[in-house]
Amino acid sequence: MGGVSTVDRAERVPKQDRSRATRQRLLEAAVSCLAEHGWAGSTVSVVAERAGVSRGAAQHHFPTREDLFTAAVEYVAEERSTALRALFPEGAAGDRRAVVAALVDLYTGPLFRAALHLWVAASNEDQLRARVTELESRVGRETHRIAVDLLSADESVPGVRETVQGLLDMARGLGLANLLTDDEARRERVVEQWAGLLDEALGSC
């Protein structure tokens with residue numbers, strides 16, 4: 001009788017697991033390399049070495065350099081979004097300062113640094129620009145949705161959507177400033193100010 005034997009299934013599952021684990025290591029290594037070395041210093045070979053796999057294995061999962069790095073930034077962005085929602089499983093309208101601080105943290109870590117290098121590279125490489133523009137648009141929409149949910153913001157109220165987007169633009173600006181100088185005290189003051197502005201602008205909506 002045809003079909004897959006028990007032995008075949010037993011061998012296939014570990015192989016699928018190994019393939020998934022290899023892919024994840026490559027994605028995480030790509031973000032780390034991009035954050036540390038920038039686009040010019042982050043080749044597929046460098047990423048493969050850090051991930052502990054062969055260049056051939058890396059290219060099996062990601063045929064081109066552009067495939068690897070856009071997938072890496074998207075993967076980690078999704079992981080961060082999941083973690084952000086998990087911090088406030090029941091929302092956080094009663095503690096908007098905590099939400100502002102968590103959103104600012106999104107833009108002060110290795111992911112933001114890696115994404116910034118990708119944006120700069122895309123501005124000079126036509127082959128990369130369209131992919132990064134589309135990726136940034138998707139990640140931006142998802143981050144905005146998360147902010148709206150966590151803040152319990154009613155975007156049917158005039159000005160609320162712009163207020164939430166202003167918060168995200170501010171957080172991105174703090175992330176850029178943090179690339180040069182880590183001024184934690186200044187960030188804390190800005191977070192406090194924005195939390196107060198949000199309470200005033202959003203009220204109990």
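Guide: Welcome! pLDDT is the predictor's confidence in each residue, from 0 to 100. This is a predicted model, where local features need pLDDT of at least 70, side-chain atom pairs count only at pLDDT 80 or more, and totals for chains, interfaces and linings use all residues. Residues are numbered from 1 along each chain as its sequence is written, and side-chain values use heavy atoms, leaving out hydrogens and water.

Visitor: What does the protein average in pLDDT?

Guide: The average is 85, and 91% of the residues score at least 70. Helix H1 (residues 6–37) has the lowest confidence, a mean of 78, while helix H2 (residues 44–51) has the highest, 95.

Visitor: How many helices and strands does the protein have?

Guide: Helices (H or I, at least four residues) and strands (E, at least two) are DSSP runs, numbered from the N terminus. Here there are nine helices and zero strands.

Visitor: How should I read the packing of H8 and H9?

Guide: Two packed helices are described by the angle between their axes and the distance between the axes. Helix H8 (residues 160–178) and helix H9 (residues 184–202) pack at about 175 degrees, with axes 11 Å apart. Axes are lines fitted to C-alpha atoms, for helices over the stretch in contact, and angles run from 0 to 180 degrees between N-to-C directions. H8 and H9 are therefore roughly antiparallel (angles over 145 degrees).

Visitor: Which residues of H8 and H9 meet?

Guide: Contact means heavy atoms within 4.5 Å. Among them, Leu167, Met170 and Leu174 in H8 meet residues in H9 including Val190, Trp194 and Leu198.

Note on methods: Angles under 35 degrees count as roughly parallel, over 145 as roughly antiparallel, 65 to 115 as roughly perpendicular and the rest as oblique.
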